[in-house]
Structures are given as C-alpha cells and as structure tokens.
Amino acid sequence: MHGRPRKPLKPVDEAAVAAKAEKLRALQSEFLSNHQNKIYSKEAVELSAKLLEINPELYTAWNYRKLAVQQNLAQCESDPESVNSILDEELKVVENALRQNFKSYGAWHHRKWVLEKGHSSMDKELGLLDKFQAMDARNFHAWNYRRFVAALMKRSDEDELEHTQNMIDKNLSNYSAWHNRSNFLSRNCSVLLSNLMKKAAPGFTSKDEVLTREYELVREALFTDEDDQSGWFYHLWLLDQTVRSEFPLLVSSWPVEGSDISLPAADYLDGCASMNVFHYSSRNFPLVLYFNQSVRGVNSSTVSVSCGFNLNIDLIWKPLSSTDSQSAKVWATHLAIPDAELHSSEAYQVEVKVGFSQGIVSTTGVAYSHPSQISFQLHLQKTPLESGQDSRFGRIQWKDDCFAVYEPGSAEPDLVNLLDNLTIKNEVESTASTWQARIIDDETNIFRDLLDCKIGKLTVARLLTAYNSLRPLDKPVHCKEVLELYSELMKLDPSHYQYYKDNHSLVLLQQVTSSKESLLSRCFHYRDSTLSTNGSPLCLRLNNLAISQLGSFEKLLWVQMLDLSNNELQSIEGLEALQLLSQLCLSNNKFRSFTALESLRYLKSLKVLDISQNEIGSHSIDTTRYLFRSPLSHSVGSCDWNINYLSSETYWEAFFVLKDMGLTQLDVAGNAITSKSFNVFLEKLLPTLKWLDGVEVN
C-alpha cells in the first residue's frame, strides 16, 4: 500500500504454532464459560486480559471487559481511587494488546470507550500516540485516535495542522498526514483546512491564499518523488476544493427561460409528435430543475408555480435519484394539462420561482441563496391528426436511412433559440472563478514539464478539465487536448483503461453538447412514410461515439428521442433527468443486466425502448451492482412480488425495472436472456406492448 513492498513471510515453527493454538483454545473455552455465566471476578478478568494479549481481535473479550468494568465501577463509584485503578488497568490491557497488534480495531475502540469515562491524562495519550506513530507514521488507527484525543482536549486546528506539517517534513510519503490536512473521505472528522477557512482563522481568511500555499507545499513533495501516491491524492483533493462551488445553484431547467411550448389539448393527446409538441397520455407536463449539486427541501413552499390555468394546487416535487434519499441534483414535478374547453389560441404564461422562500439546502448544509425565476408560455393545440400519424401503431426503426439531417424551417418551432438558453447564467459563479482560473492555469503550466510520464499527463488532463468546469457550459476551450491526453493514457496504461475511457467519454460529451452548432449537427428528423415533415419526431443521435459513460445531462433535458446505440455503455445512471424522453435506443452496448438500466424506472414518458444486442443475461453474477452508486439490490425491498405470472426468480431484475412502464415497443433480441419464455413474461408484464422484437403483439 502506498508504495511499500510486501515483506516475505517468515518461516514458522509448526510445533510452536500448534502449542500456541492449543493454549488459545483452552483460554477461549474458559473465558466463554465465564462470559456465559457472568463471572466478573479478578481471576476471570485477568484471564480475558491474557487472551487479548494473544489475540487482540477477539471482540467478545473486549465486550466482556466493558461489562466487567461497568459492574466493578458500580460497586465502588464512591471510591475515586478504586475507580482510577479500574480504568488504569483497562488502559494497560489496551496498551499491551496494541503492542501485539497496533492496528487492532477492537483495542483502539476500547481505549476510546475508557477515555470517555473522563479518566486519563490527555498528554499521556499524545505521548503514547507519538510512540506508535514512530513505529508506523502512517497508521490510520493512530491518526483517527489522535483526532479523537484532540477533540477531547479542545486542541486548536492550527496546532493540529502544524503537527501534520511536522510529520510531512519528516516523511513526504506520509499519506495519513496528507489525509489529515484534507476532508478527503473524512466527513465526520475535524477537517483542518476546511474548518480553518470556515472560521476565518488568522492566516486562513482567504480561500485562494490558503489553496495557493497548499499547492506550493504539495508541489514540493510531487517534484521530490513523482512516483509517490500520497502527494498526488492530496493534489487531487486540492483541485476539487478549487473548483467546487460553495453554493447550490440552479444550472438548468425544463422548460427553459423564454420558451414557447405547444401542447396537444386533451382530445388530441396521443397524436402530436413534432419537435415542440409534447404528448402524454396522462395529461401531465413535466417541470425539471437541475442543480449543480445535490439539494434537499424542494417542495411547493420553496418552489412556486403560477400559470393561467388557475390551478391552485400544491405540486409534489420528487428527487430523481436511484437512491431512496431525499436529496438529488435533479428534481421534477408534473403540471396537469387543462381540459380542452380552454382556448387553444391563447398562450398561457407559466412562472416558476425557485428559492424565494428559504428551505432548499445542499447536502453540506449550505442554503440556496440565489433565487431564480423561469418563465415560459404554453399553447394548447387542437390540430387534427394526419392519416397514420398515431405513433402508437407505427413501429420505430433505428436504421440510418430512417433519419434525415435536421434543417431549421420557418414552419416549425425554432430549436436554435431553445438551444441558446439551455443553461442558466449565474453571475456568482462567473465572479468567483477569476482566482480559481488563475490557480489552475498556473498549476497547468508547471505540470506540463511532466508530460513525459503517465501521472503528468493525467494531472494536466484533470487540470484542463477543471479549468473548463469554471467556464460557461457552452464555452469549454481545452476539450481537444484533454481527449488526446486520455487517448494516450489508454495506450500507455492499459491496466487503468476503463478509468481513462470513462473520463474521455465525459469530456467528449461535453464537447458535443458545448454549442448549438455541435448539437444541431447530431439532430435528425425521423422519416416515416406515414408522417409528414412537420409531424416527424426530432432525434438526437449520439451513436457510434464509443462512449462508456454518460454525462452533460443538464444540456439534454429537451430531448424526446435519443439514439445511444453502438457505444460501450455499461450503465445509464443519470439518464433519469431526461423526463421528456419517449423513444430510446440502447442497442449494441455492453449492458450486463437490467440492473444497469435502473434509471428507466424514472422515465414515465418512455414508450419505445431498444436494448437489443447487449450482454444481458450472459453473466451469472451482475458485478455492476457493486460498481455504481445506486445498486439495484438496495431498492428491491420495496418491490411487490405478489404477481401470478412470475413463475420463477429468473426475471426478477427485468420485472423490477420494467413493471411500471407503459412501453408500446420493446426490442431485446440478441441478449443471452432472450427466450420464448422471456417474451411471454414481457407480454404479460407490459399490457400496453404493441411491438416486441419487430413482431406485432396480439
């Protein structure tokens, strides 16, 4: 770990090991008898101490000693000397156990428990820690215990920061010391730099000054030994601190500001399919809010929606997240489409006000303090359907000759104007990014000297990606260079190929969605003999890009028809943000099971789905559940399994993902799971299905 080679095992004396094992078994047998019979005599307690000195990892013995201490303390609580004697003995037992194994979880936890009784010299504890850290300066158990002791002593963050500096000066490879300076993986600990900046301690009042000093410190370590991991992890944390927005902000929404949306009136809901006409059999129109970080508290009190329908009802906002938490980056609700008696020629103004009332808070506890307002117009259309236009009975095909390049025309809504307003401009981010861009630019120029090594290429790629994140979403400037760096890394370091590939994919999608010109080049009209030009759906084709991960969803909230075929996707996590999506092609990817498609559960408007030619069912164990943040196994408990047509557990994942969907067309051919029995299962599970693998369902 962290560059330390594993030491070869020492030769063992089998006779000695056998004798030790026999002694241990005898001690354990006697100890368990004492524990079962609640015997806490002096001899019984001493026996547990002998056992723990041999095996400090015996948690039952530590728990037994806790019970013994509690009983003995209750008998002599009026005698301070006896109390001190009992607790001192516990500390000695722990110290002996730690000499045997100073990474014993049970021993360190027991010592914390004793200290919480209010007995012991804190200075003595720090002295003990110095001894253990002299044996192994990177022992994270000792560092964790030090944070605990420092909190009891009320030691200042400045003092602890100085201690980490001293430890780093002794050994630049001290991963734990670097870790203790940051908040990397330590949400519940005293986070030194973060706390000092929050408290505006002397010398820590300006975030850019603090980060500049830390960059200089870690740079010294990196250029001293570029192969050591410790400094690189800290540099990555600093980069995250540099670009991370302190405030939750609204970055995108649907509908967009100033848009003019045409909706079919109630009597014509199932027929319209043009770009700016959204059809929903449920008469509900989605409103989507996309934040720059996860937030909670989005409800009818913090988000007000007013419209000409005079519908004075509380809208229910739901987090679009595959976890069961109440926080998410994306929130959605549905606005009821009024009945047909409303005037179709009249435009109804809708206003969405976000954050004018307090209550929206990020997961880090920062309140949403930059209110936003989105205004758009709704038109109700009563246009008779053209012959054959009802897409419920026409089969969608994803062949290239079914698509024609999009050419904006005066006869249909202006998509160009819509794409111009996809993201919400936030002045607070533009003002704050000046010093951040300067720091990242300086770091990039310095680390270009290391472009001849893998870690140098990776760091420059990360720095340039961070620089792009500070710019408006439609103006990234380094995508081409970053893509080249990740392409080189995939060749130089095949053991980490997938990591580089995923990052390459995210940057590529950022490039594709960065401008309206780029997006328009991938927009196509779906051509069908039964549809006129004005009635044909508009499809965003992100196929044949070799992407392995999805991103840039905040620029895609408008998409209704999406082609992601012929890529290398293993998950569609994040796609749940696209609430307008009604037609989706995922064929010829690398999905291993329905687990990777869990986001489909949140796409209530989805009617057409193609997941053919994947790897679904070819793996006996779905490892993707362990790779993604929201494994399906975490959600299964809420599932209703009381269905008479699920004769076996073979298709439980498909059932869980597809059971509430109103699909009319589904393609699953070319997957290992495909069989006659599976098709029968799908037909029963999806009563709305009209087409299955190109065959009309009776």
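Where in the chain does Lys154 have its place? Lys154 lies in the loop between helix H7 (140-153) and helix H8 (157-170); helices here are DSSP runs of H or I with at least four residues, strands are runs of E with at least two, and both are numbered from the N terminus. The model is a predicted one, in which local features need pLDDT of at least 70, side-chain atom pairs count only at pLDDT 80 or more, and totals for chains, interfaces and linings use all residues. Residues are numbered from 1 along each chain as its sequence is written, and side-chain values use heavy atoms, with hydrogens and water left out.

Lys154 is not a glycine, and yet its phi is positive, at about 60°. The residue is exposed, with a relative accessible area of 73%; buried means under 20%, exposed over 50%, and partly exposed in between, for a 1.4 Å probe and protein chains only. A positive phi of about 60° is also found at Asn544, again not a glycine. Asn544 sits in the loop between strand S12 (538-541) and strand S13 (561-563), and its relative accessibility of 53% makes it exposed. Another loop, between strand S1 (250-254) and strand S2 (260-264), holds Pro255. The peptide bond that leads from Trp254 to Pro255 is cis, with omega near -5°.

Turning to the chain as a whole, its secondary structure comprises 20 helices and 18 strands. Of its 698 residues, 51% are buried. Among contacts (heavy atoms within 4.5 Å) with a separation of 6 or more, 68% join residues 24 or more positions apart.

Ala44, Val45, Leu47, Ser48, Ala49, Leu51 and Leu52 are the buried residues of H2. Their cover includes helix H1 (14-36), helix H3 (59-75) and helix H4 (80-100).

Helix packing can be followed through H15 (residues 454-470). The axes of H15 and H12 (residues 229-243) come within 10 Å and cross at roughly 10°; axes are lines fitted to C-alpha atoms, for helices over the stretch in contact, and angles run from 0 to 180 degrees between N-to-C directions. H12 is therefore roughly parallel to H15, a label for angles under 35 degrees. On the H12 side, Trp232, His235, Leu236, Leu239 and Val243 meet Ile455, Thr459, Arg462, Leu463, Ala466, Ser469 and Leu470 of H15. H15 also packs with helix H17 (residues 497-512), at an angle of about 30° and with the axes 12 Å apart. H15 and H17 are thus roughly parallel to each other. In this second pair, Leu458, Arg462, Thr465 and Asn468 of H15 meet Tyr499, Tyr500, Val507 and Gln510 of H17.

Finally, strand S15 (residues 608-610) contains Leu609. Leu609 counts as buried because its relative accessibility is 0%. Beyond its neighbours within four places in sequence, Leu609 is in contact with Leu584, Leu586, Leu600, Leu658, Leu663, Gln665, Leu666 and Asp667. The C-alpha atom of Leu609 is 10.0 Å from that of Leu562, and the two residues are 47 residues apart along the chain.

Technical notes. Parallel < 35°, antiparallel > 145°, perpendicular 65-115°, else oblique.
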